[in-house]
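Reader: Could you walk me through the contacts in this one? I'd like the cut-offs spelled out as we go.

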Amino acid sequence: MEFGPHLMLAALEGAVTAAVLALMAAGLSLVFGVMRVVNVAHGEFYMLGAVLAFVVAGMAGGGAPGFVAALVAVPLIVAALAVAADRAVLRRLSYDPERTIVATIGILYILQQLALMGYGPDARPVAPPFNHRIALPWIDWGAGGPVLTWPWGLSITSYKLFVIGAAATVLAGLWLLMTRTRIGLVMRATQLDRETAQTFGIPVGRVYALVFGLGAGLAALAGVLIVPIQQAHYLMGGDALLLSFIVVIIGGLGSLPGTLIAAVLIGLSDGIISVFFSPTLAKIIATLLVALVLVFRPQGLMGKPAR
Amino acid sequence: MTKTTETGATPADPARRDALRTLAGAGAAAAALPLWARYTHAQSAAPIRVGFQMHATGIGAAYGRWYDRTTQAAARLINETGGINGRPLEIVTEDDGTDPRRGAEVVEKFANQHRVDVAYGTLFSHVVIGSAPRAGELKLPYFVVSEGHHVASGMLNRWTLQPGITDVKSQVLAMAPFVAETLGKKVTMIFPDYAFGHDHRDFFSEAMAAQGGEVIAKIAIPPTETSFTRYFPRIPRETDVIYHVMVGPAVLTFVKEMGEFFGPSRPAIFGFIDSLEAVDLRSPGLEFLEGTYFWEGMPRYVQPGQTDYDRAYRAAIGLDENGASLADPRDVSAYAHMFGCWETLHVIKRGMEAAGYAGPQDRQKLVEAVEVMTEMPESHEHPQGRKLFNGRTHQVFGQQHVSKLENGRLDVVRTVPLEETFYPDEVDYTAQPF
């Protein structure tokens, strides 16, 4: 394949990765930003999203209606589960940063093993609601000026474009929720100063439960969106969690725009570097970026320094 | 009693049929007796304990589940027909997490804690390679069902044997003529980047060269990869055939994305069913593979002229004609590989009987008894087909199949006899000390 079309293909693939990553990392970042809880179980909420999408789509009869049912129901189910986990576990630890890490590691293993016991070790697919292969053109500069060509293999599917669009829409919605609504204001107030917020009558406990549920719901949504592209598997949360942490650290913990920028950066670089060099190098560079950010800009690209 | 069936000639032989009927009758009679009565003639009624190293979790879990079901079915049958040397067979299962380090620990646990007689059942090559040295140090016979070339290559030890499943080297030797003659000469290989994939890369390249073909590109993919489109541009345009052998949970994605990459103009495709073991071939996204070819160790879909052995084997495990569970047709088995468990357990039984195995002090005798085995006729013990065991390399040889995927099912288009799967010995384990 020529360099140009190859690069374009890599960038498109990277964009799909970035879209899903941005959704997941936004959830992780939100939970850390508001609750100061490092949620190690976040990847498992993503996995649950994918696994439950398989279950719900199957119950709804498969096809496009099955997928739509999963898209609506699964994030809500996972969010409810997360709220229950918050009430049952995290609240009892008074959101102590160190103990919650250990607790969420526990939740990680419980969810993973329950998925293995209930759903099994197979990777199972969900049919996309629509999936057309779209061959993409490329402009070549021939002797007589620009010529439109259709390079071999340069294509994307309509569903992948939908994933990018859906992720962008949800993130825009999340941003509006955080900046333009009363509930967003309450969340931001809790993020800034928990005790003052409580003094002003904000039900911090309920806000925390809501935020934890919202974060998990975002991860589950990412899982539902990815499952027609990659199959649901009980171990899929591990890599996703690692990449989300990388994105959140680079973007700045608790900063939504930073998370978005970092997700695009990591997604694209992962796509492009692994195409032209090796996937291992892409991971090395991502990890190196994390190290550099931690040393030179610990608050992340867009994060505010700790006061 | 079992000896009778194993020395029979062809399935059509009437004397053999009679022998089978007698065997079935004896089995039923034995099953009707209470447990204590069946084993009273043995010197010890204590069970023979086989440690089953199972990929219950980790990337091998889909295989592990079916290896387990096959193992349990074979053990049940062996116990119903009198056990081993008059003693019941007990399977002691430990999860190795499809992880080499944990695999070695499991072997240790088998030897020191569970006090098993032999260890058995490992599939993934990195786990075998990680565990076998420990089995050798502990002098524990280690029967693997892994199809890697590491046993016959000489890199393991005298205590490690693979008598129930053929190795990658003989499989690709059997496939190369078909690929070169029928599909094309210029091949691009896509394989996982660890020992098992490297076996494919090296031996298939050699075998293709011998057929006058050429591997023009080798694309190694990290085993944990989840997205593949970015690798496909490396496939050269002049490729006639794509050869794929992927394992792990992301294989469906791999196939789907390959379909999306090529669209309507794809080269011929030949794959190892390893890519789609335990996967329903009617899954969404697999339509792209219609008309492509697969290696199968044992045909998943019932073929015309099905043997009684295949029928009995499917019934024992609870499988339908499509190689899926009778309880749930979407629960598809690892049919092309798991016969290895069934056959290996029967080899262990036969070896223990030949060695007069009474306890751990006879472990060396057991290995020696298996080493002198050669011919293993097609039978209830060997439902996949006739086998020939090479005691020097500790590796078994058997027939291989090429199947074509049409209308969502695989049908055999060529069967390569076991004589065409041989290669020169690379090791003589029998010359090594115990």
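Author: Let me start with a definition: two residues are in contact if their C-beta atoms, placed from the backbone, lie within 7 Å. Helices (H or I, at least four residues) and strands (E, at least two) are DSSP runs, numbered from the N terminus. This is a predicted model, in which local features need pLDDT of at least 70, side-chain atom pairs count only at pLDDT 80 or more, and totals for chains, interfaces and linings use all residues. Residues are numbered from 1 along each chain as its sequence is written, while chains are lettered from A and ligands numbered from 1 in the order in which they are written.

Reader: Fine. Which residues of α11(B) meet α12(B)?

Author: From α11(B) come Val347(B), Gly351(B), Met352(B), Ala354(B) and Ala355(B), and they meet Lys365(B), Leu366(B), Ala369(B) and Val370(B) of α12(B). By class, this contact of α11(B) with α12(B) has seven nonpolar residues, one polar and one charged, where Ala, Val, Leu, Ile, Met, Phe, Trp, Tyr, Cys and Pro count as nonpolar, Asp, Glu, Lys and Arg as charged, and the others, Gly among them, as polar.

Reader: And at what angle do the axes of α11(B) and α12(B) cross?

Author: They cross at roughly 110° and come within 8 Å, with axes being lines fitted to C-alpha atoms, for helices over the stretch in contact, and angles running from 0 to 180 degrees between N-to-C directions. α11(B) is therefore roughly perpendicular to α12(B), a term that covers 65 to 115 degrees.

Reader: Switching topic: how many residues does each chain give to the contact between chains A and B?

Author: Chain B gives 26 residues and chain A gives 29 residues. On the chain B side, α4 (61–80) and α9 (251–262) each supply at least two residues, and α9(B) gives the most, with five residues. That side of chain B divides into twelve nonpolar, nine polar and five charged residues.

Reader: What about the domains inside chain B?

Author: The assignment gives domain 1 (2–166 + 306–398) and domain 2 (169–296), with bounds that come from an automatic or database domain assignment. Their contact takes 19 residues from domain 1 of chain B and 15 residues from domain 2 of chain B. On the domain 1 side, α4, α6 (125–137) and α11 (335–355) of chain B give two or more residues each.

Reader: Last one: how much of residues 45–61 of chain A is helix?

Author: That stretch of chain A is 88% helix and 0% strand, with its end C-alpha atoms 24 Å apart.

Note on methods
Parallel < 35°, antiparallel > 145°, perpendicular 65-115°, else oblique.
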